[in-house]
Amino acid sequence: QAEDGIRDYKVTGVQTCALPIYRGFGKDFIKLPKDNLPISITVGFILLTYLLSFWVRLEWIDYAQANYVDENGETIYLRPNMVKDGVALPNTHDSFYFGSIVQKAALGMHQNNDLLPGVYQNGMITALPYWLIKLFPDFSIEHLLLWLPVYVSGFVCIPIVLIGRLYRCTLWGVGAACLAGITHSYYNRTLAGYYDTDKIGRAHV
């Protein structure tokens, strides 16, 4: 029998103790402010968190493409091994592996390399740039491998903001989305030019 949040526990018909009814340890320790924001404001928060993720990833491109113009009017790159034709190169072995698969399917290269599977065998990670190359032939594979992580990585913010809205704590969801998009581990695996499965898997989930 429960009275004032107290429940009596009995074992073999003998009352042993009276304990308070709690649904979870420390459930009242942090009380989150509830909100009921309209969907338009939620969409605005999603855009802000996505743009933050996008903007932070531009830093590496600026770093790789840093340059100055000498007295002869020539552009001198501070890190020439990190650029090709003035554009920052992909920066991990995974990027070159997936890029080679796209080259094999879209450009007919590496036809004698049996270690490179079909473009659809690895799923969206190679299918997406392949489709984009077919739709926009002026795009280079290197350009896509550089910029796709910048555009796709921020999608992780969308479900996090929506989860906060689901619990009527949208601002907490916004804070979590900001952290998720730019914190160290995820950023390192999704920065510009780091074309790997991390961003595709999280965006899919």
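Analyst: Happy to. Let's start with the aromatic pairs: this predicted model has seven of them.

User: What makes Tyr50 and Phe155 a stacked pair?

Analyst: Ring centres have to lie within 6.5 Å to pair, and planes under 30 degrees apart count as stacked. Tyr50 and Phe155 come in at 5.7 Å centre to centre with 20° between the planes, so they pass on both counts.

User: Why does that pair tie together parts that are apart in sequence?

Analyst: Because Tyr50 belongs to helix H1, while Phe155 sits in the loop between H4 and helix H5 (157-166); those parts are 105 residues apart in sequence.

User: How do you know whether Tyr50 is buried or exposed?

Analyst: Buried means under 20% relative accessible area. Tyr50 has 16%, so it counts as buried.

User: What makes Arg79 count as sitting over the ring of Tyr63?

Analyst: The distance part of the rule asks for CZ of Arg within 6 Å of the ring centre. The charged end of Arg79 is 3.7 Å from the centre of the Tyr63 ring.

User: Which residues touch the most other members of the largest nonpolar core?

Analyst: Leu148 and Tyr195, out of 16 residues. Helices H2 (93-106), H3 (124-135) and H4 (141-152) each give two or more residues to this core, and H4 has the largest share, with five.

Terms used. Residues numbered from 1 in each chain as written. Predicted model: local features only at pLDDT ≥ 70, side-chain atom pairs only at ≥ 80, totals over all residues. Heavy atoms only, no water. Core = buried A, V, L, I, M, F, W, Y, C linked by side-chain atoms within 4.5 Å. Buried < 20%, exposed > 50% of the residue type's maximum accessible area, 1.4 Å probe, protein only. Helix = DSSP H or I, 4+ residues; strand = E, 2+ residues; numbered from the N terminus. Phe/Tyr/Trp six-rings, centres within 6.5 Å; stacked < 30°, edge-to-face > 60°. Lys NZ or Arg CZ within 6 Å of the ring centre and 35° of its normal.
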